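Here is a short note to go with the structure you asked about. Have a look at it first, and then walk through the points below.

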Amino acid sequence: RKSVCSAIANGVTNLHAGSTWAFEFVLVDDLGVTDTATATLTIGSATAKVQSQRLLYVPTADSSSMTFYAIADDMIYSHKNVVTTAEAISPKIDLGYYYGSSNGASLASIADYPTAFEDLADWGTKNDTKIIETTLTTETYTALTTVADVETAFAGIDFTAEDGVVAGLAVGDVLAFETVNGIKGFIYVSD
């Protein structure tokens with residue numbers, strides 16, 4: 001016998017962590033005999049994605065240093081990686097590192113990356129990633145384990161005053177970011 005299964009769930013359009021949904025299944029075989037069953041589903045909070053620790057290097061004269069970071073891919077790139085291939089790499093890259101004599105260790109969105117350190121004029125896309133220093137402590141940062149935790153920590157973040165550059169980075173700083181593709185998260189400066 002074949003059976004057909006359909007699920008009926010009213011209002012399952014806005015799933016939230018911790019919510020419970022009831023589903024009613026109506027089973028019908030090819031003789032027209034029906035049976036129903038119900039099941040409940042509790043939506044848990046998704047685990048936040050934790051990226052690998054990445055070491056970013058200062059730009060070098062030959063443009064081969066791994067200076068730039070693509071958040072979604074969790075990959076680092078050099079300027080040379082971007083301009084010596086037909087592959088569209090620049091749209092993936094969100095941030096770049098540099099070390100200035102007056103402002104020290106710094107991260108910048110690609111749109112705001114200083115030309116004095118690397119001229120990105122030949123990049124097809126220069127993402128305008130929002131980035132700002134937060135007041136989160138190391139303990140608060142390391143306690144972020146779920147998407148709900150990250151969203152709660154993000155509640156007070158206001159990017160309106162950010163200029164695309166965070167300078168004077170120090171060990172223990174926690175930065176908030178939002179990419180042009182809507183990925184939100186935090187960066188911890190560990191070294």
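The points that follow go from the sheet to the cores, the aromatic rings and one aspartate.

1. Before you start: this is a predicted model, in which local features need pLDDT of at least 70 and side-chain atom pairs count only at pLDDT 80 or more, while totals for chains, interfaces and linings use all residues. Residues are numbered from 1 along each chain as its sequence is written, and side-chain values use heavy atoms, leaving out hydrogens and water.

2. Strands here are DSSP runs of at least two residues and helices (H or I) runs of at least four, numbered from the N terminus; two strands pair if DSSP finds at least two bridges between them.

3. Tyr 97 stands opposite Leu 107 of E7.

4. Leu 107 turns up again in the largest nonpolar core, a set of 15 residues. Such a core consists of buried Ala, Val, Leu, Ile, Met, Phe, Trp, Tyr and Cys residues joined through side-chain atoms within 4.5 Å, where buried means under 20% relative accessible area with a 1.4 Å probe, protein chains only. Leu 56, Leu 107, Ile 131, Leu 169, Leu 175 and Ile 187 touch the most other members. E6, E7 and strand E10 (174-178) each give two or more residues to this core. A second, separate core has 12 residues, including Ile 93 and Tyr 113.

5. Now the aromatic rings: there are seven pairs, counted for Phe, Tyr and Trp (its six-membered ring) when centres lie within 6.5 Å; planes under 30 degrees apart are stacked, over 60 edge-to-face and the rest tilted. Phe 154 and Phe 186 make a tilted pair, 5.1 Å centre to centre with 50 degrees between the planes. Phe 154 is in helix H3 (residues 147-154) and Phe 186 in strand E11 (residues 184-188), 32 residues apart. Both Phe 154 and Phe 186 are buried.

6. Finally, which loop holds Asp 74? Asp 74 lies between strand E4 (68-70) and strand E5 (75-77). Asp 74 counts as buried because its relative accessibility is 9%. Its side chain makes a polar contact of 2.7 Å with that of Tyr 69 (N or O atoms within 3.5 Å, one able to donate a hydrogen and the other to accept it; residues adjacent in sequence count only if both atoms are side-chain atoms).

Definitions and conventions: Buried < 20%, exposed > 50% of the residue type's maximum accessible area, 1.4 Å probe, protein only.
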